[in-house]
Amino acid sequence: MKEKILNKPDLKKAIQRDSSVSPIIYVEDNRSQKLLDFAKDKKYYIHTYGCQANVRDEESMRGMLESIGLTKTENREEADVILLNTCAVRENAEDKLYGEIGNLKGYMEKHKDAVLGICGCVPEEPEILERILKTFPYVNLVFGTHEVYRLLEFLEEVISSKKRLIAVESKSGEVYEGLPVIRTSKYKAFVNIIYGCNKFCTYCIVPYTRGKERSRKFSDILKECQELIDDGYQEITLLGQNVNAYGKDLDEGKDFADLLEAVAKLGIPRLRFTTSHPWDFTSKMIDVIAKYDNVMNFIHLPVQSGNDNVLKKMGRRYTSSDYLKLVKEMKEKIPGLGLSTDIIVGFPNESDEEFNDTLKLVDEVEYDSAFTFIYSPRKGTPAARMEDTISKETKGKRFKELVSHLEKSISASSERMVGQVYDVLVDGVSKNNEDMYSGYTESNKLVHFKGDESMVGKIIKVKITESHTYSLIGEVISDDPIIQKAKELKECLKNEPVLEEYLRIKAIFEVDESLKELRQKIAESKAKNEKDEYDRLKQMYDNHPLVINYYKAKEEAMELLKGLHDIIQ
Ligand code: SAH
Ligand code: SF4
Ligand code: F3S
């Protein structure tokens with residue numbers, strides 16, 4: 001297959017960081033007739049690996065693909081456009097990808113017009129990109145994390161030219177606004193607040209694949225959050241590789257605490273954020289989390305290791321005692337705090353003593369949940385060049401030991417919840433038991449309970465009856481039926497178009513200058529007893545379009561409320 005290469009990645013460029021404010025690109029609608037014709041009756045399939053940054057990118061890609069008329073399928077064997085949205089953080093994620101591309105060989109050979117695109121973080125690694133291009137000749141589109149917004153342009157190019165297109169530029173990156181989006185959930189949403197990463201932890205590939213830290217404008221984030229609230233969303237998670245660095249690259253004078261507070265004030269029922277680097281966590285941020293009930297009492301605070309020498313080699317820029325001090329402040333200020341973490345086992349040449357420090361820290365902190373990983377060397381990162389004499393077996397043994405330490409505190413924290421009532425945002429039918437529904441508490445514990453479809457997307461009260469290490473069992477506590485009905489009524493009325501229209505017109509009616517003037521003149525003519533003038537002005541007033549609209553809207557709103565009143569009676 002012929003190739004068109006727009007760009008290829010270059011790690012030397014990928015590590016460059018400058019202090020300039022990143023440009024914002026307001027993406028314009030670029031759907032061509034050719035694409036609209038192509039998409040007719042066609043389907044797309046996307047498989048996303050990796051973190052929430054990729055999940056959010058998938059939502060934008062779905063927005064673009066559906067904007068031209070493609071429909072989604074869960075079956076890649078009937079898709080005309082297949083996208084694998086990849087993760088490069090550890091080797092096993094990459095291995096799964098090779099398997100999946102390999103499985104598509106027969107399908108691509110039979111369907112010569114299909115598009116198979118590889119995107120996300122893997123193509124940003126030069127050696128791996130070459131390997132994919134060589135091993136899988138039927139892959140006909142490759143683009144990186146900086147090119148997501150150009151998906152439709154690439155699709156058109158591949159369809160028209162029938163050439164393989166490669167567009168992976170290593171760069172600091174821009175901030176894109178205005179991409180269409182199809183969200184995976186109708187009640188939980190991710191909102192990007194900062195892209196990229198400047199931390200360069202020595203084991204991590206992310207700063208190379210995602211570019212420099214670049215924050216979205218405060219006002220653009222608030223606008224997106226307000227739209228989600230207007231659409232009835234119950235939970236927003238503010239996203240970034242390190243959300244605590246929010247605003248440092250802008251000249252708006254705002255930091256993450258300011259942003260968190262501003263979003264909390266918009267009134268979303270649940271507000272979360274991820275991920276936080278311990279290094280940038282300020283007391284001001286902890287105070288905001290503690291102050292607002294709708295900022296969830298849950299913090300994901302990756303520690304990576306409990307040993308200062310390993311932390312130093314990892315480039316984490318805090319010591320274990322800095323971390324413990326931070327955790328102490330969080331626990332003191334935030335009641336019922338749920339704390340989770342990421343830990344890497346088997347960093348190059350990690351000794352038994354160094355590993356034991358991690359066990360000690362884990363026992364001291366008593367996490368409520370945790371993600372544990374065996375170190376995986378990533379080409380191009382400093383840690384991949386470090387000597388490592390620790391065997392695979394030792395790493396595997398340590399991994400198991402760590403998990404068993406973590407499980408003790410995780411189980412204990414679950415047990416403490418038995419007998420108490422918690423707010424749970426219901427996700428739907430449980431993944432492991434069809435007879436149950438499930439959702440998460442404010443502190444991010446998974447709860448299973450007997451429920452029904454009407455609860456999905458709502459926050460309900462659940463009393464915990466049983467605890468397991470990684471989940472809880474509970475029973476739904478129903479509200480007083482009258483209160484329940486009143487809540488439902490309030491919810492319906494909030495979005496009732498007749499009332500909304502009435503309030504909108506009323507606001508205009510009350511402040512309109514020409515009407516104010518007329519009212520003044522009518523009052524004057526009445527006071528002076530000028531009957532003809534009074535009648536003339538009164539007629540003008542009554543025939544004013546704003547007055548007519550106002551009384552019409554008022555009448556409709558009254559009728560609606562009267563109807564409701566009669567039903568309740
Ligand atoms: N920006 C986030 C998430 C980064 S990736 C953060 O800093 O927390 C998620 C987790 O993957 C990291 O916290 C780390 O524990 C793990 N990880 C990253 N690179 C890794 C590697 N090379 N080997 C094993 N685990 C790794
Ligand atoms: Fe990777 Fe460290 Fe950045 Fe997290 S903070 S993305 S672990 S470099
Ligand atoms: Fe993976 Fe890229 Fe996220 S490497 S963890 S998908 S930033």
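The expected span of a helix is taken as 1.5 Å times one less than its number of residues. Helices (H or I, at least four residues) and strands (E, at least two) are DSSP runs, numbered from the N terminus. This is a predicted model, in which local features need pLDDT of at least 70 and side-chain atom pairs count only at pLDDT 80 or more, while totals for chains, interfaces and linings use all residues. Residues are numbered from 1 along each chain as its sequence is written, chains are lettered from A and ligands numbered from 1 in the order in which they are written, and side-chain values use heavy atoms, with hydrogens and water left out.

Within α20, the buried residues are L546, V547, Y550, A553 and A557, where buried means under 20% relative accessible area, exposed over 50% and partly exposed in between (1.4 Å probe, protein chains only). These buried residues of α20 pack against α17 (497-511), α18 (513-527) and α19 (531-542). Y550 also belongs to a cluster in which ring pairs link Y502, F509, Y550 and Y551.

Stepping back to the whole protein chain, there are 20 helices and 22 strands. The C-alpha atoms fill a box of roughly 105 × 65 × 50 Å, taken along the principal axes. Of the 569 residues, 49% count as buried. Among contacts (heavy atoms within 4.5 Å) with a separation of 6 or more, residues 24 or more positions apart account for 76%.

The interior can be followed through its nonpolar cores, each a set of buried Ala, Val, Leu, Ile, Met, Phe, Trp, Tyr and Cys residues joined through side-chain atoms within 4.5 Å. The largest core has 56 residues, and those with the most contacts inside it are L238, F273, F281 and I299. Helix α10 (residues 256-266) provides the largest share of this core, with seven residues. A second, separate core of 32 residues includes A79, I101, L116 and I205. Neighbours within four places in sequence aside, L238 touches residues including V191, I193, F256, L259, L260, V263 and F273.

Helix α3 (residues 52-67) is another element worth a visit. Its 16 residues reach 23 Å from first C-alpha to last, close to the 22 Å expected at 1.5 Å a residue. Because 12 of the 16 residues of α3 are buried, the helix is largely enclosed by the rest of the structure. Among these buried residues are A53, N54, D57, M61 and L65. R56 also has its place in α3 and counts as buried, at 8% relative accessibility. Apart from neighbours within four places in sequence, R56 is in contact with V181, R183, F190, N192, E224 and L239. After α3 comes G69, whose phi is positive, near 110°.

R214 and K562 are 348 residues apart in sequence and 53 Å apart in space, C-alpha to C-alpha.

Aromatic rings of Phe, Tyr and Trp (its six-membered ring) pair if their centres lie within 6.5 Å; planes under 30 degrees apart count as stacked, over 60 as edge-to-face and the rest as tilted. The structure holds 13 such pairs. Y98 and F136 are stacked, at 6.5 Å centre to centre and 25° between the planes. This pair links distant parts of the chain, with Y98 in helix α4 (residues 91-103) and F136 in the loop between α6 (126-135) and β7 (141-143), 38 residues apart. Both Y98 and F136 are buried. The rings of Y149 and Y176 are likewise stacked, since their centres are 4.0 Å apart and their planes at 20°.

Finally, the ligand surroundings are described by residues with a heavy atom within 4 Å. Ligand 3 is surrounded by C51, N54, C87, A88, V89, C121, V206, R210 and Q241. This shell divides into six nonpolar, two polar and one charged. Here Ala, Val, Leu, Ile, Met, Phe, Trp, Tyr, Cys and Pro count as nonpolar, Asp, Glu, Lys and Arg as charged, and the others, Gly among them, as polar. Around ligand 2 lie C197, K199, F200, C201, Y203, C204, V206, P207, Q241, H277 and R316, divided into seven nonpolar, two polar and two charged.
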